[in-house]
Amino acid sequence: MTGSPLGLTGVGVRLGVSRVVRDVTLDCPAGSFVGLLGPNGSGKSSLLRAVYRALPADTGTVLLDGRDLLRDLSAREAAQRVAVLAQEPGHEVGFTVAEMVAAGRTPHHGAWGRWSGDDRTIVERTIATVGLSGHGHRRFDALSGGEKQRVLLARALAQQPSVLILDEPTNHLDIGTQLALLALVRGLGVTVLAALHDLNLAAAYCDRLHLLHHGETVAGGTPGEVLTPAAIARVFGVTAHRIAHPETGRPHLIFSHPSSREDLS
C-alpha cells in the first residue's frame, strides 16, 4: 500500500443549527501521519466524518490525488481509497476474525461479488500484518479490546486504501497496545489522518499536528511547533511543561492544573 496526498480547504460542518467545524484547511502529504488534537467537542470527529462522508460538509473541498473526494467519487470509489478505524470496537456477534476482515473487500466487488484467490490472499496478509496470524477462526466477540481493534484495522487495510482515517483509535486500550497500534499504523506507508486524545502519543507518532478549538484550527505544524505551553493553556486550560523525550528527542509534556497548588492548600 502507498499513500496519496489528501488536502482539505475551507471545510465546514453544520449539525442542525450549530456549526461544529469552521473553515478548516490542512494538507496531508502522501505517506504522512497527520494528527488532529483538541478537547472534547472541538470538532475533530465531525471533521473526520465529513472526510469519509458520514456527515455532509456544507462548505469547502476535500481533494484526494487532486480529485474532489466529496463530489467526484462515487461511494464505492471513495471506499476503495479511504478506510476508517473508528473510536469504539465493534460488537458483531458470531463472526470470525477472517469474516470480519473479509468485509473490507466489499468495496472492490460488491456485497454479492465473486471472491477470488487474490481476495483470500489479501485477507490472510492483512491478518498477519496486524499480528493475528492463525487467529482467523476465532470469534470476534470473544477477543480482547486490543485484539478487536487490530481486527478492525485489518478490515480497513483489506480495502487496500491510500488514506486511513483514525478516530481516537487508542481509546480504552492499555498503554502497550496503544504504542503497538500506532507504531504499526505509522509503518504502513499509507496517508493517515487521525484524531488523537493523548498529546504525548500524538507528539511521538505524528509528522504534523493541527490543534482544533471550537471547530477552528488554531495551530498547525510539526509537533514542536504546535505543542507549545501557550497553545495548550489556551485550548485545554492546563499548564504544560515541555521536555525532550530522552530516546527520540520529540516533545514530551508534563501537565498540571493552573490552580493545583491552591487546591492542595
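Reader: What makes you call α6 enclosed by the rest of the structure?

Author: The model is predicted: local features need pLDDT of at least 70, side-chain atom pairs count only at pLDDT 80 or more, and totals for chains, interfaces and linings use all residues. Residues are numbered from 1 along each chain as its sequence is written, and side-chain values use heavy atoms, without hydrogens and water. Buried means under 20% relative accessible area, with a 1.4 Å probe and protein chains only. In α6, 11 of the 14 residues are buried, so the helix is largely enclosed. Among them are Val151, Leu152 and Leu153.

Reader: Which elements do the buried residues of α6 pack against?

Author: Contact means heavy atoms within 4.5 Å. The partners are β6 (82-85), α3 (97-102), α5 (117-129), β7 (163-167) and α7 (175-186).

Reader: How do you know that the span of α6 agrees with its number of residues?

Author: Helices are DSSP runs of H or I, at least four residues; strands are runs of E, at least two; both are numbered from the N terminus. The expected span is 1.5 Å times one less than the number of residues. For residues 145-158 that gives 20 Å, and the end C-alpha atoms are 20 Å apart, so the two agree.

Reader: What makes the protein agree with a compact globule?

Author: The radius of gyration is taken over C-alpha atoms, and the rule is 2.2 Å times the number of residues to the power 0.38. For 265 residues the rule gives a value near 18 Å; the protein has 19 Å, so it agrees. Buried residues make up 46% of the 265.

Key: Buried means under 20% relative accessible area, exposed over 50%, partly exposed in between (1.4 Å probe, protein chains only).
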